[in-house]
Amino acid sequence: ETASLLRFLSRIRRKKEVYSDCNGLALRFAYFSGEKRTKSFWICMSQKQPKPTLGGQRIRTRKRDEKIKYEPLSFRNALIDGIDSAKGNLEDVAKFLDTAGGTLDYRFYSEALFDTLIAGGMLAPGGSLIEDCPEGKTFRATACVFLAECSVDGIRVYVQLFNNLIRRYKYLQKSFEDEMKKLLQFLKGFSDEERTKLAIFTGLVLSGGHAQANLIQSLWNDHLVKPRISLTFATEMFKVWLAEKDIDSVGGALKKSGLNGKLKELFPGHLGEKQFEEHFSKAGLDVLVTFQKGQEVSAVKRLMQTRIKEMVENEDALSDIETELKSMMSKNKLFEQDVIVLLWKVIMTMMEWSKKEELIAEQVLKHLKDYCSLFAAFTTQGSSELTLMIRIQDYCYENMVLLKVFQKIILLFYKTDVLSEDCILKWYTEAHSPKGKTVFLEQMKKMVDWLQNASEESDEG
């Protein structure tokens, strides 16, 4: 009807043969052809608002928003069928896993995937296998880490299998690390042999850089530490890890994850230094003992450095600073060489540098002169004197504005009995640092000649 009305009005505009009559709120139009009226109609002009309709619009759910039914057991069954069809041949297992990613949803069922590849089937909370499966099916695969040969070579092939799978499906990396964290929490539910195999697997994963070391943080949970499960697991893991990588690499990974100072916490209760050394030395991990000692010394040094800074800022008497540092040095079995480096570092960082380079030399000497007695208290041995002198050389090299000040600093320390004649001569002839040695040796030449001549005259006298 609307289309017919529009056509009619168009004709009216063209021929202008229109008769209209107004009746209240309606208009009546008539169209004439000659003297004969051909059409007439009323157009209502009601002011009432049209009533709303309930037609609405059907909202269709997008495919991506549709809820997918979660069926991990069906996924596990399909995965086990594929693994068992390889009949223990890991190359065929790898081929199956590589192609099955197109049909099996690895992303959605990543937990079930890694449970099956490591434990052989899906794990219930606590670490036991879920045995629910259809009749004629099995709930455990015939090829998995827990059923592998309990040796480094026997587990290594599985690490390679995991590495290839994650390289193929990169989105599995995060899920793999989460799986490892979960498995370590379930250690109590595994057998001794399964824990050993998982420790070897973890050591190979970490040594190969396939995951971050923070995945072993679960080992510090009380329910694993008290029964010594964490200690046994960590010992086996470190054996493998240190056999593949050196202690610097292992220490760096632990430090990056914030675990470098927590090794002693793997032991239940309070543990002495002697018991820690005995356990890991017996396991052939002496390098780990040395590493732990180094971490403890580093922690003490940081504490000592903070304490020196506090006392200097508070303008404590130099004698009080000396007494406290010697007490800390004795208690923690540190050497003068350790303390003198910390002392130099703190004293120099407390200095406010002048913006005018020509004033820096005078400023440095004036600043150091106030602490000469403190430096002298920790350079009573030739080794500590030499350590300080080499540290001064490196510091002047790193701060180019002090290149020409090196000899003046050494002369100041010589006059205040911080450095001895023998130390300066030894540094000059054989013990200097390679950093900027040409510049510094040239600076020291006149002073060394003077010292040598004075020594010869003294010997003749």
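Helices here are DSSP runs of H or I with at least four residues, strands are E runs of at least two, and both are numbered from the N terminus. The expected span of a helix is 1.5 Å times one less than its number of residues. Take helix 14 as the test case. It has 14 residues and reaches 20 Å from first C-alpha to last, close to the 20 Å expected at 1.5 Å a residue.

Before going on, the ground rules. This is a predicted model, in which local features need pLDDT of at least 70, side-chain atom pairs count only at pLDDT 80 or more, and totals for chains, interfaces and linings use all residues. Residues are numbered from 1 along each chain as its sequence is written, and side-chain values use heavy atoms, with hydrogens and water left out.

Now the overview. The chain has 20 helices and 3 strands. Of its 461 residues, 40% are buried. Buried means under 20% relative accessible area, exposed means over 50%, and partly exposed is in between, with a 1.4 Å probe and protein chains only. On contacts, meaning heavy atoms within 4.5 Å: take those in the chain with a separation of 6 or more, and 64% of them join residues 24 or more positions apart.

Next, confidence. pLDDT is the predictor's confidence in each residue, from 0 to 100. The chain mean is 84, and 82% of residues reach 70 or more. Where is confidence lowest in the chain, and where highest? Lowest is strand 1, residues 18-23, with a mean of 46. Highest is helix 7, at 95. Two stretches need caution. Over residues 15-27 pLDDT stays under 50, and the model has 33 contacts there beyond four places in sequence. Over residues 31-35 it also stays under 50, with 15 such contacts.

Back to helix 14. It is largely enclosed by the rest of the structure, because 10 of its 14 residues are buried. Among the buried ones are V339, I340, L342 and L343. W344 is buried too. So are two acidic residues, E336 and D338.

On to helix 7, residues 192-207. It has 16 residues and reaches 23 Å from its first C-alpha to its last, close to the 22 Å expected at 1.5 Å a residue. It is mostly covered, with 13 of the 16 residues buried. E194 sits in this helix. Is E194 buried or exposed? Buried, at 17% relative accessibility. Leaving aside neighbours within four places in sequence, E194 is in contact with R140 and F146. After the helix comes G209, with a positive phi near 70°.

R140 leads us to I130. The C-alpha atoms of I130 and R140 are separated by 9.0 Å, and the two are 10 residues apart along the chain. I130 is in the loop between helix 4, residues 110-119, and helix 5, residues 152-168. It counts as partly exposed, at 25% relative accessibility. Beyond four places in sequence, I130 is in contact with L73, R76, M122, L123, A124 and F139.

R107 is exposed, with a relative accessible area of 56%.

Now a helix pair. The axes of helix 9, residues 229-244, and helix 10, residues 247-256, come within 8 Å and cross at roughly 125°. Axes are lines fitted to C-alpha atoms, for helices over the stretch in contact, and angles run from 0 to 180 degrees between N-to-C directions. Under 35 degrees counts as roughly parallel, over 145 as roughly antiparallel, 65 to 115 as roughly perpendicular, and the rest as oblique. So helix 9 and helix 10 are oblique to each other. Which residues meet? F238, W241 and L242 in helix 9 meet I247, V250, A253 and L254 in helix 10. That contact divides into 7 nonpolar residues, no polar and no charged. Nonpolar covers Ala, Val, Leu, Ile, Met, Phe, Trp, Tyr, Cys and Pro; charged covers Asp, Glu, Lys and Arg; the others, Gly among them, are polar.

Last, backbone angles. Most residues other than glycine have a negative phi. K333 has a positive phi of about 55° and is not a glycine. It lies in the loop between helix 13, residues 318-331, and helix 14, residues 336-349. K333 is exposed, at 72% relative accessible area. D417 has a positive phi as well, near 65°. Its loop runs between helix 18, residues 406-415, and helix 19, residues 421-431. D417 counts as exposed, at 63% relative accessibility.
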